[in-house]
Amino acid sequence: MWAASVRQALAYDAFAFIERATTAGLLNDGEAEDAALLAAAFVRVGVAVEAAVRVLVSLGRPRGEQALMELVRDDAVRDFRPYVRSRLLGLRRPVYQVRAQKVTPNEEPLLPEGLQGLPYSWHTDFGWGATPPDSHSLARARSALEACLAVERAPDDAQMSSGAPADCRAIAEVVRALMPYPRLVTRERMDEAWRECRSLGFEFQGMDAEAFAKVWCTRIADRVAAAVFRWLADLPHGGEAAGDKEPAVLSATTLWAAELAERCARCGSAVQEAIWFLHRADDVPGSIEALARLAFDPSLPVTTRNAAQEWAR
């Protein structure tokens, strides 16, 4: 135990020294190659892993990146794979950013038209922020919700990875970086995200590129729907809208939004946000009834019924 502790400490100090030298640009190509091989070997045996990985990160692209790519697919580093992958993602982000900014003609969109025109980014969780509730934005919100409902949903039990539970956050980071806006969600970019995730060591069980795309189109649509309901829930409703410039528009909005909220909750899309909107708009005819139907419908999942029961009267 003591010997192992000393070995870890000595290796850590050595790699910290190499990292400083690498960062300062003091290594020639041959020394950098030797440093990469040495660091990778220590990661594989589980000694001074974090310090060794930092050396590889400091070596940058392509040398450090290639070494991390090989490690993340190596079963010998299974216990450290999430950490290695997280640092590798840091080196890959500039690649994703360049791809996201590149406009390629004739790509096949995977989301309905009502989502493609949304100007809101996944980086802000598709939030609508301070968008004013005028007739244009409300029509856009309705169109977006209807489009979300039109997205073919992936099975609830779709597995993202085999073996250990999938690190969905890492997969989401790749998908989000390549397709930050709904208009960029295309078959070509989804295929690229699929290949990238495979190169990052994810092993998808019974899931090909098409199934992968279906899962992430569903999740993107759910996030967009959640953002729309959060925005709608913060708007004045009923008596609150009396002093608004467009009270009739807001009042009419609640009617169609309540119907769409119930439909979303029933199909499992943005359930919490849809139910919260129905609660916030409970002074409008139809909202209370929708909550009651969701709360006591035995065909719905228990989680959905419980969420609705919390606010149903």
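**Salt bridges and the nonpolar core**

Arg230 pairs up with Asp125 in a salt bridge, with 3.5 Å between the closest N and O atoms; the term covers a side-chain nitrogen of Lys or Arg within 4 Å of a carboxyl oxygen of Asp or Glu. Arg230 sits in helix α10 and Asp125 in the loop between α6 (113-116) and α7 (135-150), so the bridge ties together parts that are 105 residues apart in sequence. Helices here are DSSP runs (H or I, at least four residues), numbered from the N terminus. Arg230 is partly exposed at 32% relative accessible area, and Asp125 is likewise partly exposed at 26%. For these labels, buried is under 20% relative accessible area, exposed is over 50%, and partly exposed is in between (1.4 Å probe, protein chains only).

The model is a predicted one, where local features need pLDDT of at least 70, side-chain atom pairs count only at pLDDT 80 or more, and totals for chains, interfaces and linings use all residues. Residues are numbered from 1 along each chain as its sequence is written, and side-chain values use heavy atoms, with hydrogens and water left out.

Across the whole structure, the search turns up 23 salt bridges. One of them joins Glu152 to Lys214, with the closest N and O atoms 3.1 Å apart. Glu152 is in the loop between α7 and α8 (168-178) while Lys214 is in helix α10, so this pair ties together parts 62 residues apart in sequence. Glu152 is exposed at 55%, whereas Lys214 is partly exposed at 29%. Arg293 and Glu262 make another bridge, at 2.7 Å between the closest N and O atoms. Arg293 is partly exposed at 39%, but Glu262 is buried at 10%.

Salt bridges also form a network, made up of Arg61, Glu65, Arg92 and Glu196. Glu65 belongs to helix α4 (residues 63-72) and is buried, with 10% relative accessibility. Beyond four places in sequence, Glu65 contacts (heavy atoms within 4.5 Å) Gly60, Leu88, Leu91 and Arg92.

Then there is the nonpolar core, meaning a set of buried Ala, Val, Leu, Ile, Met, Phe, Trp, Tyr and Cys residues joined through side-chain atoms within 4.5 Å. The largest has 103 residues, and Val175, Met190, Phe212 and Leu232 touch the most other members. Helix α10 (residues 209-233) is the top contributor, giving 17 residues. Setting aside neighbours within four places, Met190 contacts several residues, including Leu110, Val175, Phe212 and Trp216.

How values were computed: Helix = DSSP H or I, 4+ residues; strand = E, 2+ residues; numbered from the N terminus.
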